[in-house]
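Please look over the sequence and the model below before reading on.

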Amino acid sequence: MTDHMTPYSEDNTLVRVDLGARSYDIIIGTELLSQAGDLVKPHLKKDRVAVITDTNVMALHGAQLKSGLEKAGITPHFIIRPPGENQKSFEGLQAVLDALFELAFDRQDMVIAFGGGVIGDLTGFAARVFKRGCPFIQIPTTLLAQVDSSVGGKTAINSSYGKNLIGAFYQPQLVLADNNVLKTLGERELKAGYAEVLKYGLLGDLEFFNWLDENGADVLSLNPQALTHAVSVSCQTKARIVAEDELERGARALLNLGHSFGHALELEAGYGGDLLHGEAVSAGMLMAFEFSAAQGLCPQGDVSRLETHLSAHNLIQPHDLTNLIKAPDRLISHMDQDKKNEGGDLTLILARKIGESFVQKQAPRADLHAYLTHLAKTLPHA
Ligand code: GLY
């Protein structure tokens, strides 16, 4: 079936990721799990799929997806993993691959990632390496996965040296972002996802930041119109940047605003769930703005505006993470593992103002050390 024949409901919003032969649609709407069979079917060569998910998502939404697929004549084989970041490991990967071998899947079979960022990243990487590649579809069930990790084809598992260091670019065939599934998210996870929404305003869209200043509370209370707008604008921005720079040779790096600091905080916290990725990004974005201002690159007024927005929505800030920020040398050594770095120099995503970020190559280490030392001193001590 060709794209124009895909049965999209009028209530759904469509964002296209334009990558030539690897192009695909993101469908944003409600009740997509019950429509999943019809939406997925045009992409299948066989009437079966493997659905990789975790026990939490399975318990909450598995039955709905199962019946949505079955009513279109598709048999789902669920591969259900424990929840948690430690699934993004060689052990987690092996378990998924073994399950696909047990099902006697081949390269014509479709794999569906049904979960948050962990399941999406793990499934995408498993699909990439299973018999050198089988197609996959993303059905993200967290706000963070809907606006960021399910779109753009970054797939990975973690290494003891850092997050996402073993992976591949591998695009899905389709992304289904269903607003309804977000209703079961806890407040903490919702806020962590909201940080990635905010990122799109901060990195390149002042108008969207202004809209979030007005409507952020509606997004966080899952008002359907506000949520659809926020997810659609986020996906449009991501789709545009990925189309321009799929393999992150340039502009795509901007999507990592807040992530160099954030990944260092996550590594410092360990991956046991004490600090969610989006929480680390939330604090990391403010650190990126503060460090930009400390170098005279960004007005202090914009730092204050961001801080006010984070406070207004109770989002995580550096002052919530005192214990993780007390050792500047360790944070910098974590930042040294970042994939954006070149030739031993640090590359950071910094801000000129709200709505304009840029890549700083050879970021000045002494200034970074001074900023982190100053930050550690000014934070309240636990
Ligand atoms: N999460 C950043 C990217 O997809 O490039």
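## A threonine in a loop

Is T142 buried or exposed? In this predicted model, T142 has a relative accessible area of 11%, and because buried means under 20%, T142 counts as buried.

## A buried aspartate

D54 lies in strand β3, which covers residues 48-54. This residue is buried and yet has no salt bridge, and the nearest side chain of opposite charge, that of R81, is 9.7 Å away. A polar atom of the side chain of D54 does, however, lie 2.8 Å from the backbone nitrogen of V57.

## Two residues with a positive phi

Most residues other than glycine have a negative phi, and with that in mind two residues of this model can be considered together. E31, although it is not a glycine, has a positive phi of about 60°, and N314, which is not a glycine either, has a positive phi of about 55°.

E31 is found in the loop between β2 (24-29) and α1 (32-40), while N314 has its place in the loop between α11 (300-312) and α12 (322-325).

## The cavity

Rolling a probe the size of a water molecule over the atoms shows where empty space is left. When the whole structure is searched, one cavity of 30 Å³ or more is found, and about 30 Å³ of space lies in the largest cavity. Which elements give two or more residues to its lining? They are α9 (259-269) and β10 (348-353).

The residues that line the largest cavity are N256, G258, H259, S260, F261, A288, L348, I349 and L350. Sorted by class, this lining has five nonpolar and four polar residues, and no charged ones.

## The second largest pocket

The second largest pocket holds about 270 Å³ of space. It is lined by 13 residues, of which A21, R22, S23, P172 and Q173 are the closest to its centre. By class, the lining of the second largest pocket divides into five nonpolar, four polar and four charged residues.

Note on methods. Residues numbered from 1 in each chain as written. Predicted model: local features only at pLDDT ≥ 70, side-chain atom pairs only at ≥ 80, totals over all residues. Heavy atoms only, no water. 1 Å grid on protein atoms, 1.4 Å probe; cavity = no way out; pocket = protein on both sides within 12 Å on 5 of 7 lines; lining within 4 Å. Points joined across faces, edges and corners; volume = space filled by probe spheres on them. Helix = DSSP H or I, 4+ residues; strand = E, 2+ residues; numbered from the N terminus. Nonpolar A, V, L, I, M, F, W, Y, C, P; charged D, E, K, R; others polar. Buried < 20%, exposed > 50% of the residue type's maximum accessible area, 1.4 Å probe, protein only. Lys, Arg positive; Asp, Glu negative; His and termini not counted. Salt bridge = Lys/Arg side-chain N within 4 Å of Asp/Glu carboxyl O. Polar contact = N/O pair within 3.5 Å; in protein donor to acceptor, adjacent residues only side chain to side chain.
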